[in-house]
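I opened my notebook to keep track of what I looked up in this one. Here is the structure I had on screen.

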Amino acid sequence: MTTTERPDLSWLDEVTMADLERNPYATYERLRAEAPLAYVPVLGSYVASTEEICREIATSPDFEAVITPAGGRTFGHPAVIGVNGDVHADLRTMIEPALQPAEVDRWIDDLVRPIARRYLEQFEADGQAELVAQFCEPVSVRSLGDLLGLQDVESDKLREWFAKLNRSFTNAAMTEDGEFANPEGFVEGDEAKAEIRSIVDPLIDKWIDHPDDSAISHWLHDGMPPGRTRDREYIYPTIYVYLLGAMQEPGHGMASTLVGLFSRPEQLEEVVDDPALVPRAVAEGVRWTSPIWSATARISTKPVTVAGVDLPEGTPVMMSYGSANHDTGRYDAPTTYDLHRPPLPHLAFGAGNHACAGIYFANHTMRIALEELFEAIPNLERDTREGVEFWGWGFRGPTSLHVTWEV
Amino acid sequence: MTFAVTVGGRSVECSEDQALLDACLRAGVWMPNSCNQGTCGTCKLHVVSGEVDHGSSPAETLSDDERGSGMALACQARPLGDVELRQQGTSAARTAHPLRDMVATVREVSGIARDTRRILLGLNEPLTFDAGQYVELVVPGSGERRQYSLANTADEDKVLELHVKLVPGGVATHGWLFDGLAEGDEVDISGPLGDFHLPPESEDDGGPMVLIGGGTGLAPLVGIVRTALRRHPEREVVLYHGVRGEEELYDGDRLTELAGQYPNFRSVPVLSHEPAEGYREGFPTDAFVEDVATARGWTGWLCGPPAMVEAGVKAFKRRRMAPRNIHREKFTPADA
């Protein structure tokens, strides 16, 4: 295709944020077919929707990271997902030591397994549960919360924070003039951040004088000259990255994997019977419903042509990994959860030098949680009296998952 | 150049400029992977034999120590020849008892129930095995091989005990073991085989067990249950023997004697098709569900026809036994 034969994309004018949040797949399926790189008016941005174009841009030397406007409004600067060069290198150097595989292997089992068991003990005799709120999200936030040094913050508070930050971060609708269409949508994110600061500031004060082994304490001290620490204003945007995505997404990934498995009862049974299949089930779960569906972006560093579209220097492009992972050019029947599909690499964790730093931690958190769930309740069934709804365009997962079992 | 990459017993072709992960995934051999650019470490594995080029594996993800100890990143490493890989978390193969080909001598052939024989085979040299494993018999004249579980405990290593059910028209049973086999005959056998056995004694915590055998599926359970009780005389053990009718029951005295020796062992015969006074009726897997309110923390052992084994897995899970504690030996009549 050349730029002169552009298809008519006027249908995109009708797409609303509510449509995308309820179910983005139809819109993105059409984008993949008609314009894998297209300007989407409601988002006020170009969007990459196929596997090929997402991968090309994510790994291209002609693009670098940029945070989405609503993301930047929520997190502030410099958040690790939206910076480049020395600042990006420093922030990755700050967060990566705790996330290296050899390091994660050292403690992940002792961290996550007792947490998963503790939450299971609270409901395993009940014969029914809502797994998103009672298991997936609590295990996710408690594991990371304890790692960060937030042991004293209740799991429900951490869940409330990520939900508020999520809605603020993905409050992406723009007016034609390039203004936020719903500025009031950032209020709850601002409230959450104020509360976070009121709780984390005193902890930072403590860690500055009394470093310990918590991740945030390391962020303050690691690599700094003696007696100096990183400025808290410099690390807060990345703390918010953690308190949103890293807290929320392992829970989304677990819940989506479970919903996928419930859609294939024979595959659920296989995984329950053979825990060695859990990692594969999770890999397919996050391909099937990618938790970070469309939350990151890149910006061109010079004029560039991608997918036949000429982009001037400084053009942001939103990366729709959730769409790329449903690309029929790469996957047969991508809307179907299938444990046994040809195991091609997916883009759920992104690509390039901004690929998720927490891949190893997240995968193992999800694995251990599901191992413990199936170990404790091998006779798990979806409660078919209740439906399952997914929500989210930036971040996506089931809003609830009711299950029953014989006790 | 193309090399053979072996992992988990499967072999795939990998060209010299192809990443190990890519070759495996394309051949449908799954291994954990995420970033596919060497940064996340999810695909780290052991190179058991052969050499690889680590390519652009970053030092932060794969340290020099790890390289030195034979680790590699599957998404980055290219083969320099044939290589054998082992995925992380999978233990190196346990020391297995060596598989041997032997000539055994028939010591005894006895009818013990309807269409059921006990065959004792004498060995010149003791065989090392775990209770619950099986041996293969070569059917004379046909070259066919048939599998039979051992009812022995590991110390009963010079006379092997097999339980054999007649398969009408079967090459091994109808044409040989039930027709013509006599004391003193020589039989070609191979063994031991199979993974249906207790964990090593050091890993056996003495927890409660349920065993369900269908017909001659009782055989390996006779060896396993005696081994388990000897290790932990106080442990709770329930053994269900499911058959069609009373005439197919056997080894009742042997199990009753065991119950006399071990206070927490029970043996429960269950008749599925021909009810008789004094016996439970129905399927043994249903009897288990009726008897045991919760099997959390139990281990389960199933040996019998596939339908019984599948029903057993469901029954155990229904009573919330952890699936990793469910052991199964499917007993398929290849002999028809």
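The entries below go from ground rules to the interface, then to chain B, then to a few backbone spots.

**Ground rules.** I am working with a predicted model, so I noted that local features need pLDDT of at least 70, that side-chain atom pairs count only at pLDDT 80 or more, and that totals for chains, interfaces and linings use all residues. Residues are numbered from 1 along each chain as its sequence is written, chains are lettered from A and ligands numbered from 1 in the order in which they are written, and side-chain values use heavy atoms, with hydrogens and water left out.

**Interface, first look.** I started with who touches whom, taking contact as heavy atoms within 4.5 Å. Chain A puts 31 residues in contact with 28 residues of chain B. Next I looked up the buried area, meaning the accessible area (1.4 Å probe) that two parts lose on being put together, summed over both. For chain A and chain B it is about 2,500 Å², and carbon and sulfur atoms give 48% of that. On the chain A side, the residues that lose the most area to chain B are Pro343(A), Glu375(A) and Glu406(A), together 22% of what that side buries.

How many salt bridges does the rule find across the interface of chain A and chain B? I got 9, where a salt bridge is a side-chain nitrogen of Lys or Arg within 4 Å of a carboxyl oxygen of Asp or Glu. I picked out one of them: Glu375(A) and Arg324(B) meet through their side chains at 2.5 Å, N to O.

I also looked for polar contacts (a pair of N or O atoms within 3.5 Å; within protein, one must be able to donate a hydrogen and the other to accept it, and residues adjacent in sequence count only if both atoms are side-chain atoms). The rule finds 10 residue pairs of this kind across the interface, both residues at pLDDT 80 or more.

Which elements supply the chain A side? Helices H6 (101-123), H12 (265-273), H13 (278-288) and H15 (359-376) of chain A each give two or more residues, and H15(A) gives the most, with 6 residues. I took helices (H or I, at least four residues) and strands (E, at least two) as DSSP runs, numbered from the N terminus.

**Chain B on its own.** I counted 7 helices and 19 strands in chain B. Its C-alpha trace spans about 75 × 50 × 30 Å along the principal axes. Of its 336 residues, 50% are buried; buried means under 20% relative accessible area, exposed over 50%, partly exposed in between (1.4 Å probe, protein chains only). Among contacts in chain B with a separation of 6 or more, 68% join residues 24 or more positions apart.

I found a cis peptide bond from His77(A) to Pro78(A), with omega near 5 degrees. Pro78(A) sits in the loop between helices H4 (69-75) and H5 (85-95) of chain A. Another cis bond runs from Gly191(B) to Pro192(B), with omega near -5 degrees, and Pro192(B) is in strand S13 (residues 186-193) of chain B.

Asp251(B) has a positive phi near 60 degrees without being glycine. Its place is the loop between strand S15 (237-245) and helix H5 (252-261) of chain B. Buried or exposed? Asp251(B) counts as buried, at 11% relative accessibility.

Arg320(B), also not a glycine, has phi near 65 degrees. I found Arg320(B) in the loop between helix H7 (306-318) and strand S19 (326-330) of chain B, and Arg320(B) is buried, with a relative accessible area of 9%.
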